[in-house]
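We will go from stop to stop, selecting as we go.

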Amino acid sequence: MVLVSLPEMDKDKPSPALGFIKAYIEQHGFTVKTIDGNQIGDIDSIHLTISQYEYKYLGISVFSYEQVDFALELGEEYENVIYGGSGVHKDWPHGDYIVGEGELALLEYLRGNKYYPGINGRAQVQIPDLAILPPPDYSDLNHSAYTSAVISGSRGCVRACTFCDVASIWPKYRFLGGERIAQHMHAVSTQTGFKSIGFSDSLVNGSMNIADLAAGVYILNIETNNGSLTQKVIKQ
Ligand code: SF4
């Protein structure tokens with residue numbers, strides 16, 4: 001499949017959704033080509049880039065409700081299009097869609113099971129254990145366009161602020177252990193060459209044991225500026 005992100009996102013780091021989905025789906029035998037629509041910018045150029053690939057399904061990653069109009073304008077020219085991301089809502093007006101976490105639902109969709117939870121209005125289920133997720137894969141993206149890449153140490157939040165929609169996206173809070181987070185940091189840093197890794201977590205310190213993370217970074221011997229990353233993690 002081809003999976004495309006949309007403009008109007010941060011320009012200093014790639015869309016984590018593309019990296020998460022590509023890594024998980026390819027682990028199960030499918031090929032995912034990711035297109036960085038956020039860097040491409042205009043809709044005609046995104047169409048042109050999509051046209052360069054052969055694929056069965058086109059996935060459109062809708063990070064925000066502010067991207068809904070652009071997503072629908074882009075997708076209306078295609079058949080076999082599936083939308084996903086935080087900007088997608090129930091009763092989506094075009095194609096197929098996934099509400100909630102995309103990894104498990106998209107894998108089942110590609111296997112031909114369109115009745116899996118989260119697809120086309122069915123109630124979503126969350127991934128019970130984030131440890132099944134590999135590090136995000138940013139190998140398709142132009143690394144020179146960014147200064148850092150993104151991983152996730154958790155999904156959801158331990159708080160319940162009334163103005164916040166995080167609980168509607170991830171009702172249950174789940175987290176990786178510090179050593180596993182360090183492994184993801186190491187994998188992404190090795191793949192992209194970035195020495196700066198950001199977190200997409202809603203709340204980074206929801207339960208993270210920072211000493212575990214520091215130990216994991218140290219054990220993996222990430223080559224930073226004289227170990228400054230390890231020192232910085234320990235200080236924080
Ligand atoms: S993500 Fe932030 S605003 Fe939302 S519930 Fe958690 S602490 Fe509150």
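**Stop 1: the sheet.** Select the strands. Five of them form an open sheet in the order β2-β1-β3-β4-β5, with parallel pairing. Strands here are DSSP runs of E, at least two residues, and helices are runs of H or I, at least four, both numbered from the N terminus. Two strands pair if DSSP finds at least two bridges between them. In general, strands of a sheet pair through backbone hydrogen bonds, either parallel or antiparallel.

Now go to the edges: β2 (33-35) and β5 (96-98). Each has a single partner strand, so one side of each is left without a neighbour in the sheet. From one strand to the next, the twist averages 20°.

This model is predicted: local features need pLDDT of at least 70, side-chain atom pairs count only at pLDDT 80 or more, and totals for chains, interfaces and linings use all residues. Residues are numbered from 1 along each chain as its sequence is written.

Stop 2: Select residues 81-84, strand β4. Three bridges join β4 to β5, and the two run parallel. Which residue stands opposite Y83 in β5? Y97 does.

**Stop 3: two helices.** Select α1 (residues 16-27) and α5 (residues 103-110). They pack at an angle of about 50°, with axes 10 Å apart. Axes are lines fitted to C-alpha atoms, for helices over the stretch in contact, and angles run from 0 to 180 degrees between N-to-C directions.

Show side chains next. F20, I21, Y24 and I25 in α1 meet E103, L106, L107 and L110 in α5. Contact means C-beta atoms, placed from the backbone, within 7 Å.

**Stop 4: the ligand.** Select the residues around the ligand: C157, R159, A160, C161, C164, V166, S202 and L203. Each has its C-beta atom, placed from the backbone, within 6 Å of the ligand.

How values were computed:
Contact = placed C-beta atoms within 7 Å.
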